[in-house]
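Trainee: I would like to work through this structure by question and answer. Please show it first.

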Amino acid sequence: FLLMESAPALIAKHLKDRCIPYQKKAAPATSAGQLAEAAGVVEPAAEPAAGEKASPTAADSGRWLKGIESDLRELKAHVELNKDIERGLSEARKKQLEMLPQTPQIAGYEFAAFYKPCTSLGGDFYDFVQVSNHEIGVVMGDVSGHGIEAAIVMSMVKKLLNVHGRGKSYSGATLRATNRDIHEDLDGRTFVTVLYGVINTEVRTFNFVRAGHTLPVLFNPTRTPDLQFLNSAGMVVGVDKGTAFDAVLEEKMVQLEKGDVILLYTDGLTETMNAQGEILGDDRLAEIVRKHGSHDMEYLLHRLDLGAAQFRGDSPQMDDIALVAVKVL
């Protein structure tokens, strides 16, 4: 049944993409009857004459049974292969979750992180880079696509950001170097959005660059306005080798104050969709942050996840969600 259901689509794809004689409108080299005989397919017998009874021959029955047995063996092999793949992906996901970075413990600051992939392997990621004794880099990124390829690219970008980030106080220099190195390893269709910022814990500054990623949020009830989406220009990582990427990338600096909350997130949060096709969006995100941003950062991230789940309702989670929050104490 499965083969019969999929055969027409496979035949059509072959004719459209690979069959040169068909594309040139040449006459078929073999008749349908000859193809059926070569494949061991039993064609329907002719209608019996009046008063006669039609009965299949032993050869017909034998070919039919062999065909069924062959289909069952092929189906069983596919099932076993899928089981092996699922086991491998499950083990890879376990390793991926075990490798999530620990949140920094820095006097005067509170860090929290949250990660929820929608498939067995996620393409969203966050990380922390030890730039210097008094500087910590904060990474938030999203690889296009999902699965094994996205997980591999994610690991490469994280490693490059860690290598290039050490000793570099300015976020732009780190991201430019990372883009140059990763460009050659991507296929032109895969790209990465990245938000990378460096917090100087002594002078309390946050300088950041945004390579096509969602806008970071700055919240503080004592500021006017109390909540801002921090914008800066930039294009995604991996598409351009450097000339356009370097020219477009814009580094911004924020002077931090006591009570400031910096929220980094992937679009899996704001693009959470409900059954009516509506997305969570920036306004609902801001509402949750205003309501719970004065509490502990772990609680804020919990409320963001809960808010997305309640908004989604019975609809499935369609994208990974990664969150990082930093509060100045």
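Trainee: At roughly what angle do the axes of helix 9 and helix 10 cross?

Mentor: This is a predicted model, where local features need pLDDT of at least 70, side-chain atom pairs count only at pLDDT 80 or more, and totals for chains, interfaces and linings use all residues. Residues are numbered from 1 along each chain as its sequence is written, and side-chain values use heavy atoms, with hydrogens and water left out. Helix 9 spans residues 281-292 and helix 10 spans residues 297-312; their axes come within 10 Å (lines fitted to C-alpha atoms, for helices over the stretch in contact, with angles from 0 to 180 degrees between N-to-C directions). The axes cross at roughly 140°.

Trainee: Which word describes helix 9 relative to helix 10?

Mentor: Angles under 35 degrees count as roughly parallel, over 145 as roughly antiparallel, 65 to 115 as roughly perpendicular and the rest as oblique. The crossing is at roughly 140°. That makes helix 9 oblique to helix 10.

Trainee: Is the crossing of helix 9 and helix 10 left-handed or right-handed?

Mentor: Look at how the near helix is turned from the far one: anticlockwise by less than a right angle is left-handed, clockwise is right-handed. For helix 9 and helix 10, the crossing is right-handed.

Trainee: Which residues of helix 9 and helix 10 make the contact?

Mentor: Contact means heavy atoms within 4.5 Å. By class, this contact has seven nonpolar, two polar and two charged residues (Ala, Val, Leu, Ile, Met, Phe, Trp, Tyr, Cys and Pro count as nonpolar, Asp, Glu, Lys and Arg as charged, and the others, Gly among them, as polar). Helix 9 gives R284, L285, I288, V289 and H292; helix 10 gives Y299, L300, R303, L304, G307 and F311.

Trainee: At roughly what angle do helix 5 and helix 6 cross?

Mentor: Helix 6 covers residues 171-183, and its axis comes within 9 Å of that of helix 5. The two helices are oblique to each other, and the crossing is right-handed. The angle is roughly 135°.

Trainee: How many nonpolar, polar and charged residues does the contact of helix 5 with helix 6 have?

Mentor: Helix 5 contributes M156, V157, L160, L161, H164 and G165. Helix 6 contributes T174, L175, A177, T178, D181 and I182. By class, the count is seven nonpolar, four polar and one charged.

Trainee: How many helices and strands does the chain have?

Mentor: Both are DSSP runs, numbered from the N terminus: helices are H or I with at least four residues, strands E with at least two. The chain has 10 helices and 10 strands.

Trainee: What share of the residues counts as buried?

Mentor: Buried means under 20% relative accessible area, exposed over 50%, partly exposed in between (1.4 Å probe, protein chains only). The chain has 329 residues. The buried share is 40%.

Trainee: How are the rings of F206 and F208 arranged?

Mentor: A search of the whole structure finds three aromatic pairs (rings of Phe, Tyr and Trp, its six-membered ring, pair if their centres lie within 6.5 Å; planes under 30 degrees apart count as stacked, over 60 as edge-to-face and the rest as tilted). F206 and F208 have ring centres 5.5 Å apart and planes at 15°. Both residues are buried. The pair is stacked.

Trainee: Which residues does E110 touch?

Mentor: E110 is in strand 1, residues 109-116. Its C-alpha is 8.1 Å from that of A325, 215 residues apart in sequence. Not counting residues up to four places away in sequence, E110 touches D296, M297, E298, A325, V326, K327 and L329.

Trainee: Where is the phi of R204?

Mentor: R204 sits in the loop between strand 4 (192-200) and strand 5 (205-211). At 25% relative accessibility, R204 is partly exposed. Its phi is positive in a residue other than glycine, near 55°.

Trainee: Is the peptide bond from T224 to P225 cis or trans?

Mentor: P225 lies in the loop between strand 6 (217-219) and strand 7 (227-229). Omega is near 0°, and the bond is cis.
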